[in-house]
Structure formats: structure tokens, C-alpha cells
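Please read them with the structure open.

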Amino acid sequence: MKHLHNLIKQEDGQDLIEFALVLPLFLLLVCGIIDFGWLFYNYISVENAARNAARIACVEYTECCYDHIQKQPAQKLLTYEKSGSSYAYVDINDRSSELTEQEEDVVSAVQNSMPDSVTNVEINIQYTYDMKTHPQGYEVNDRSNGDVVVVVQGDMKVLTPVLGVMCDNMTKTLTSQSTFKVEKHPVTDA
């Protein structure tokens, strides 16, 4: 009888079963923390890029997105894809001309703020004054009567399937918008 009592009281393997029950929950928690930390880091970078681009676009605006005002006031400046150490530009406005120096400054601000983990970056710029354009008497210097809205969007690969369950192809699209008041250029007498 004593032998039967000892057999019932044996606890060999109990730790292993408890560990097997708790491990999936622990891994889910750790992977969730890693993914949401990664998401937060990349979102802050996209937000910084939009803010930096809007800061430049609100000051240097006379040649920025000026050639397509009559066609489409709210326009995509361009899309770029980072491949290695170079950028491949995709001109989505079918513009025959190259980017102006001011547009290149806006794009550089985005590129310098964006981590390598964010790809397929798209930059949209809209001057609210351009939406009220009048066929006659439009002056680009009057843009200071409105705001500039810069929207930066990019794709981020998620690290674990925890966040990947809510994404397409384990890729999350991050979008940030920044609005600045367009500053009036000082009048210079020649």
C-alpha cells in the first residue's frame, strides 16, 4: 500500500508540463513587444520625415510643385525605393522636367529622416492656396495665404507573425501627415 501511495505522489515531469503550457503565452508576449517596438520606431521616423519635409516646403515654396498647379493641386511629388545605397526614383506625375532644387530639398529631408527598413516611400505635397486657384491672377507668392500639407507613406516589414497577422504579406503601411503655415517671403527691392 505504501508503494502505491508513493506512486501517486510522484511529481516527475510536472515542471515540464507547466513550462509547455506557459511557453506559447510568453513567446506571444515577447514577440508582440518586439513587433510593436519596431512599429513605433518606424512610425516615429516616418512622422519625422513628414515634419522635416513640411518645414522645408513651407519656406522654400516658389518652385516646389509649381508646374502642375492647374492640373492637380494636390500631387504626389515622387515615389522612391531604396536599393542598396542608392535610390530609384519613380516619377508618377509623368513630368518631363527634373525635380527643382527646392523639390530635391524636400525629398532629401525625407530620405535623411527615413530608416532603411521603410521602403516604397511616397511623398505627397499640397498647398491649400493652390486649391483655390483662380485662372487669372494666380501668384505663387500668395501661397503664404494657406498651408502646406505633406503626407509621407512607406511600407515596413514586420518582424514576427504576431503583427504580421494583421498585415498583408507581413508588410505594414505607415502614413504620417504634417501641416505647416506657409511663410511669407520678405519683399526685396531690386
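1. Basis. This is a predicted model: local features need pLDDT of at least 70, side-chain atom pairs count only at pLDDT 80 or more, and totals for chains, interfaces and linings use all residues. Numbering runs from 1 along each chain as its sequence is written, and side-chain values use heavy atoms, without hydrogens and water.

2. Strand S4. S4 spans residues 147-157. Eight of its eleven residues are buried, so the rest of the structure largely encloses it. Buried means under 20% relative accessible area, exposed over 50%, partly exposed in between (1.4 Å probe, protein chains only). Strands are DSSP runs of E, at least two residues; helices are runs of H or I, at least four; both are numbered from the N terminus.

3. Partners of S4. Strand S3 (residues 118-127) pairs with S4 in the antiparallel sense over eight bridges. Ile125 stands opposite Val150 in S4. S4 also pairs antiparallel with S5 (residues 171-181), over eleven bridges. There, Val151 stands opposite Gln177. Pairing requires at least two DSSP bridges between the strands.

4. Helix H3. Which residues of H3 are buried? They are Gln102, Glu103, Val106, Val107, Ala109, Val110, Gln111 and Ser113. H3 covers residues 101-113.

5. Phe26. Phe26 lies in helix H2 (residues 14-59). Its relative accessibility is 49%, so Phe26 counts as partly exposed.

Methods: Expected span 1.5 Å × (residues − 1).
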